[in-house]
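Trainee: Please take me through one part of this model up close, then show me what else is worth a look. I'd like the cut-offs as you go.

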Amino acid sequence: MNTAVPQQKPQKTVTLIDNETGKKFDLPIIDGSTGPRVIDIRKLYAETGMFTYDPGFTSTAACDSGLTYIDGDKGILLHRGYSIKELALKSDFLEVCHLLLNGELPNKQQKDEFVNTVTRHTMVHEQMQFFFRGFRRDSHPMAVMVGTVGALSAFYHDSLNIDDPRQREIAAFRLIAKMPTIAAMVYKYSIGQPFMYPRNDLSYSENFLYMTFAVPSEPYKISPILARAMDRILILHADHEQNASTSTVRLAGSSRANPFACIASGIASLWGPAHGGANEAVLFMLKEIGDKSRIPEYIKRSKDKNDSFRLMGFGHRVYKNYDPRAEIMRDTCYEVLGELGIKDPLLELAMELEKIALKDDYFIEKKLYPNVDFYSGIILRAMGFPTNMFTVLFAVARTVGWISQWNEMIQEPTQKIGRPRQLYTGPVERPFTPLDRRK
Ligand code: SDX
């Protein structure tokens with residue numbers, strides 16, 4: 001037996017020197033399994049009386065996580081170590097859900113059980129349908145999603161106890177299973193068609209297309225091409241490290257809010273055009289550009305600091321290379337439209353826009369590449385989804401990422417409420433001025 005006391009590796013540190021006082025502070029460095037190391041500043045305020053300052057969290061690791069790894073410079077995206085390309089081309093969405101939730105791809109028996117459980121949670125409480133009547137038919141679908149998903153916590157009281165692993169698991173199954181049903185209801189309500197109940201004989205993606213596009217008055221033929229494309233789109237949007245909506249879910253969850261309320265907060269954050277709302281904004285942008293001859297004018301506008309116009313679907317906080325999801329999405333776009341015999345001028349326009357932008361010095365220097373939202377809208381349009389449903393589909397897919405990240409956080413032994421501080425720039429204390437003496 002090795003009796004030698006294992007040599008404690010010396011703690012790696014960085015030293016902070018306050019040049020005003022000459023005081024030195026040693027801050028520990030922590031290694032991950034790969035990727036950037038972190039400087040542990042948890043004791044910084046107690047030792048220095050100072051905060052770090054990082055609006056937008058450009059250099060801040062808010063947590064540790066084993067779910068998703070992104071190397072923005074190399075354009076690498078891994079879920080639990082598997083590359084997004086392999087998962088998108090060789091796996092399916094429910095396998096990826098199992099992987100994100102449980103850490104491993106399922107074996108045959110585990111997959112059958114997982115699929116069966118999700119399938120049997122796809123119906124929503126029958127009273128949910130009455131929520132929709134409170135909304136205008138022309139409400140933005142994301143407004144309805146925020147409301148109805150948050151309302152799930154009014155129905156499923158037996159999966160609100162976040163300290164009970166079984167209840168957390170049921171809540172995860174309910175959310176993953178019911179999101180397509182609710183999304184389809186949102187669409188049906190907006191076009192005045194009756195809701196379609198889920199069918200247990202269909203796969204997750206087939207069921208989603210069926211509930212969205214079938215009508216009770218005639219049989220609906222599900223296209224295997226569209227079902228496969230839908231499944232791949234869901235995989236590409238499943239999780240993405242600590243993006244804005246995931247960070248919103250984590251912060252909401254840190255107060256110990258129930259999982260349904262936390263996912264509703266994620267939907268609200270995703271809605272923004274700088275985030276998940278970009279897929280809808282890309283279609284509006286392409287329609288506004290309208291013709292290849294106008295691309296130079298819009299490229300010029302996107303570089304003009306005095307013009308609020310940005311090239312939607314381009315740029316990313318982390319990717320300074322081609323978003324690997326965008327590449328797969330572009331290829332899928334080409335494949336699906338080709339197989340469907342659809343010649344969408346917006347696809348040609350998008351390809352030309354990408355070609356011109358990627359040769360432009362501004363985009364090269366700022367490392368602005370197409371992101372996941374640049375091509376997704378073109379496929380979704382070809383599948384028959386209206387533009388205002390694109391971000392809803394993003395939310396359907398991202399729910400597994402949100403709930404997996406939430407679950408990971410809740411299980412953290414050191415989990416505590418998130419409560420950032422600030423650099424105060426307002427007035428210092430001053431005496432109250434009575435009304436008759438104010439100017
Ligand atoms: C998603 O975080 C995630 O992982 C998100 C996501 C996920 O899966 O969860 O990947 C999904 O949200 C993808 C991003 C979708 N959004 C868009 O396509 C909207 C357009 N993109 C930009 O708004 C922007 O690129 C962001 C919001 C995506 C990233 O913004 P950052 O990291 O804060 O970068 P920035 O705004 O500081 O831009 C850096 C420079 C700026 O120029 P300077 O001030 O340095 O001179 O690049 C310019 C920006 O003006 N720039 C753009 C641009 N994006 C950045 N210029 C023109 N067009 C653009 N699209």
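Mentor: Helices here are DSSP runs of H or I with at least four residues, strands are E runs of at least two, and both are numbered from the N terminus. With that in hand, look at the second largest pocket: α3 (93-102), α4 (108-119), α7 (165-191), α8 (204-213) and α9 (224-236) each give at least two residues to its lining. The largest share, 5 residues, comes from α8. Bear in mind that this is a predicted model, where local features need pLDDT of at least 70 and side-chain atom pairs pLDDT 80 or more, while totals for chains, interfaces and linings use all residues. Residues count from 1 along each chain as its sequence is written, and side-chain values use heavy atoms, without hydrogens or water.

The pocket (an open set of 1 Å grid points that take a 1.4 Å probe, with protein on both sides within 12 Å along at least five of seven lines; lining means an atom within 4 Å of a point) has 23 lining residues. Nearest its centre you'll find Leu 94, Leu 202, Ser 203, Tyr 204 and Ser 205. Its volume, the space filled by probe spheres set on the points, is about 310 Å³. By class, the lining splits into 11 nonpolar, 7 polar and 5 charged residues (nonpolar is Ala, Val, Leu, Ile, Met, Phe, Trp, Tyr, Cys and Pro; charged is Asp, Glu, Lys and Arg; the others, Gly among them, are polar).

Now for the ligand. For polar contacts (N or O pairs within 3.5 Å), start with Ala 274: one of its backbone N or O atoms sits 2.9 Å from a ligand nitrogen. On the side-chain end, an N or O atom of Lys 366 is 3.1 Å from a ligand oxygen, and one in Asn 371 is 2.9 Å from a ligand oxygen. The ligand alone exposes 1000 Å², and the protein buries 77% of that (Shrake-Rupley areas, 1.4 Å probe).

Lastly, two backbone spots. Arg 80, in the loop between β5 (76-79) and β6 (82-83), has a positive phi near 50°. Arg 256, in the loop between α10 (244-254) and α11 (259-270), has a positive phi near 75°.

Methods
A polar contact is a pair of N or O atoms within 3.5 Å; within protein, one must be able to donate a hydrogen and the other to accept it, and residues adjacent in sequence count only if both atoms are side-chain atoms.
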